[in-house]
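I opened my notebook to look up a few spots in one protein model.

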Amino acid sequence: YFLALEEDIQRLSRFVEFNSNNFATFSLEMAHLLLASSSEIDVVLKMLCKPFAPSAQNEEDYRSSIPKQIPNFTKVKVEIPRYDIILQPWQSWDSNQTPTWWTAYNKVKHERDSHYEKANLENVLQSMAGLFISNLYLHKDSANTGGLSPWPQLFRLEDKYESGVGMGKAGWTTAYKL
């Protein structure tokens, strides 16, 4: 699902330049992408928490359990090299705070009439980066052995989390060090 959403993000880049000057740009398509990617994060984090916090059901539950079990989770940075963008979507958990993009997701989901502008480029990219990290940790064994392919076209982890490139069943793949 992440890869399908990434294709939509690539299409979006044809209409809105991925640049910090455009981070406040919002649209119906960005609302769709924010809702879809953040909703998928909720699904993935529930699965990620299942072995160590099976009752985790919401962002507060995830925030209180994931960093204890996966200490580097909040430290991981995602790059979008083509646009020279670096994102750290889970960093606010270090201060026991809900990520701004997660709050935006809930505002757009429940009060779109008064918070439509929160469906903006920055929140969409942060949410997608959060989904990327969450998926990698959910499938950590495969990620570490280079078993996830095809690899993303836009998103990648910072170099210190990558251990090599190889050919997988569906094309080029990256081995990670999570």
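Entry 1: I started with D42, which forms a salt bridge with K46, with the closest N and O atoms 3.4 Å apart. I noted the rule: a salt bridge is a side-chain nitrogen of Lys or Arg within 4 Å of a carboxyl oxygen of Asp or Glu. By this rule I count 8 salt bridges. D42 and K46 both sit in helix α2 (residues 28-49), 4 residues apart, about one turn of the helix. Helices (H or I, at least four residues) and strands (E, at least two) are DSSP runs, numbered from the N terminus. An α-helix has 3.6 residues a turn, so residues three or four places apart point the same way. K46 counts as partly exposed because its relative accessible area is 30%. The cut-offs are under 20% for buried, over 50% for exposed and partly exposed in between (1.4 Å probe, protein chains only).

**Ground rules.** This is a predicted model, so I kept to its limits: local features need pLDDT of at least 70, side-chain atom pairs count only at pLDDT 80 or more, and totals for chains, interfaces and linings use all residues. Residues are numbered from 1 along each chain as its sequence is written, and side-chain values use heavy atoms, with hydrogens and water left out.

**Entry 2: helix α3.** Next I looked up E59 and R63, whose side chains meet in a salt bridge at 2.9 Å, N to O. Both lie in helix α3 (residues 59-69), 4 residues apart. Are E59 and R63 buried or exposed? Both are buried. The buried residues of α3 are E59, Y62, R63, S65 and I66. They pack against α2 and α4 (100-115); contact means heavy atoms within 4.5 Å. At the start of α3, a side-chain oxygen of N58 comes within 3.1 Å of the backbone nitrogen of E60.

Entry 3: The side chains of D159 and R156 meet in a salt bridge, 2.6 Å from N to O. Salt bridges that share partners join E79, R156, D159 and E162 into one network. D159 counts as exposed because its relative accessibility is 52%. R156, at 26%, is partly exposed.

Entry 4: I found S134 in helix α5 (residues 121-138). S134 counts as buried because its relative accessibility is 0%. A polar atom of its side chain lies 2.7 Å from the backbone oxygen of G130. Leaving out residues up to four places away in sequence, S134 touches I41, V44, L45, F73 and W90. Then I turned to V165, in strand β4 (residues 162-168). V165 counts as exposed, because its relative accessibility is 54%. The C-alpha atoms of V165 and R82 are separated by 18 Å, and the two residues are 83 apart along the chain.

**Entry 5: the lining of the pocket.** Which residues lie nearest the centre of the largest pocket? They are F2, L3, N135, L148 and P150, out of 16 lining residues. The elements giving two or more residues to this lining are α1 (2-12), α5 and β5 (171-176). I used this rule: on a 1 Å grid over the protein atoms alone, a pocket is an open set of points where a 1.4 Å probe fits, with protein on both sides within 12 Å along at least five of seven lines, and lining residues have an atom within 4 Å of a point.

Technical notes
Polar contact = N/O pair within 3.5 Å; in protein donor to acceptor, adjacent residues only side chain to side chain.
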